[in-house]
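Biologist: I have a model open on my screen and would like to learn how to read it. Could you walk me through it?

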Amino acid sequence: MSQEQMKIPQATAKRLPLYYRFLKNLHSSGKQRVSSKELSEAVKVDSATIRRDFSYFGALGKKGYGYNVEYLLSFFRKTLDQDETTKVVLIGVGNLGTAFLHYNFLKNNNTKIEMAFDADPKKADTSIGDVPVYAMDELEDRVKGSDIEVAILTVPAGPAQKITDRLVDLNVKGILNFTPARLTVPEHMRIHHIDLAVELQSLIYFLKHYSTDDVET
Ligand code: ATP
């Protein structure tokens, strides 16, 4: 990662894929510039935040002109490593894991699930959505030397930590954790935790207790 990228605050970095996706659509529809107001309405982030975020990218919008779509896109491509496909491994080919194997991540991002693993012998040596599924005892041999740096965990909570320890030993750098387990990892490793049941509950709670005018971005 370059010095320039390291200066971007985490909250801004998290919004990058959102901006990227929208700008790509704009670009393919032939639009050359976009105002922060237009962006704000499309990605549902207030325009002051957008202007601050974009100032980190060295993109200064001009009054009455807006932002140059081409410039922003090439910046995002570089920052998000979109010029290179990121290889991902998925562990746990249950209902959720299977859905991810069928989902075409390449459509919007340059990420690709290269291979998947499952403890169930019936699932080993099959392929789902063109992704090969292997037995868990092949994890080390297959992932070592494969350039895979990211893992998606869709196993039950119970075995999640043990599997994570194996991924740490394989030098995986990031885990997208869909299990409810809170994982312990070394400091250099990054975990993003997505508990769909909690997210759904939280949405329902907000719908019940807050009006949409109170929602912060
Ligand atoms: P299914 O309908 O296939 O049981 P599910 O999503 O309801 O899927 P889970 O119990 O959440 O089932 O398990 C998800 C997947 O993780 C299953 O395919 C299961 O075989 C697999 N799995 C369970 N334990 C492990 C483990 N220790 N290592 C790897 N995969 C595992």
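Predicted model: local features only at pLDDT ≥ 70, side-chain atom pairs only at ≥ 80, totals over all residues.

Biologist: Which domains does the assignment give for the protein chain?

Modeller: Domain bounds come from an automatic or database domain assignment. Here that assignment gives domain 1 (3-78) and domain 2 (86-198), and their C-alpha centres lie 31 Å apart. Helices (H or I, at least four residues) and strands (E, at least two) are DSSP runs, numbered from the N terminus; the protein chain has nine helices and nine strands.

Biologist: How do I read a helix, say α8: which of its residues are buried?

Modeller: An α-helix has 3.6 residues a turn, so residues three or four places apart point the same way. We call a residue buried if 20 or more other C-beta atoms lie within 10 Å of its own, exposed if 12 or fewer, and partly exposed in between, with C-beta atoms placed from the backbone. In α8 (residues 160-169), Ala-160, Ile-163, Thr-164 and Leu-167 are buried. Seen down the helix axis, they fall within an arc of 105° (taken from the directions from the axis to the C-beta atoms), so they line one face of α8. The face turned away carries the exposed Lys-162 and Asp-169.

Biologist: What covers the buried residues of α8?

Modeller: The cover includes β3 (86-91), β7 (150-153) and β8 (174-177), where contact means C-beta atoms, placed from the backbone, within 7 Å.

Biologist: And how should I think about a core?

Modeller: In soluble globular proteins, nonpolar side chains tend to be buried together. A nonpolar core is a set of buried Ala, Val, Leu, Ile, Met, Phe, Trp, Tyr and Cys residues joined through C-beta atoms within 7 Å. The largest one here has 28 residues, and Val-88, Leu-90 and Ala-116 are among those with the most contacts inside it. Apart from it lies another core of nine residues, including Leu-23 and Leu-72.

Biologist: Which residues come nearest to the ligand?

Modeller: A residue is near if its C-beta atom, placed from the backbone, lies within 6 Å of the molecule. Of the 16 residues around the ligand, Gly-92, Gly-94, Ala-119, Asp-120 and Pro-159 come nearest. Helix α6 (residues 95-102) gives the most to this shell, with three residues.

Key. Residues numbered from 1 in each chain as written. Contact = placed C-beta atoms within 7 Å.
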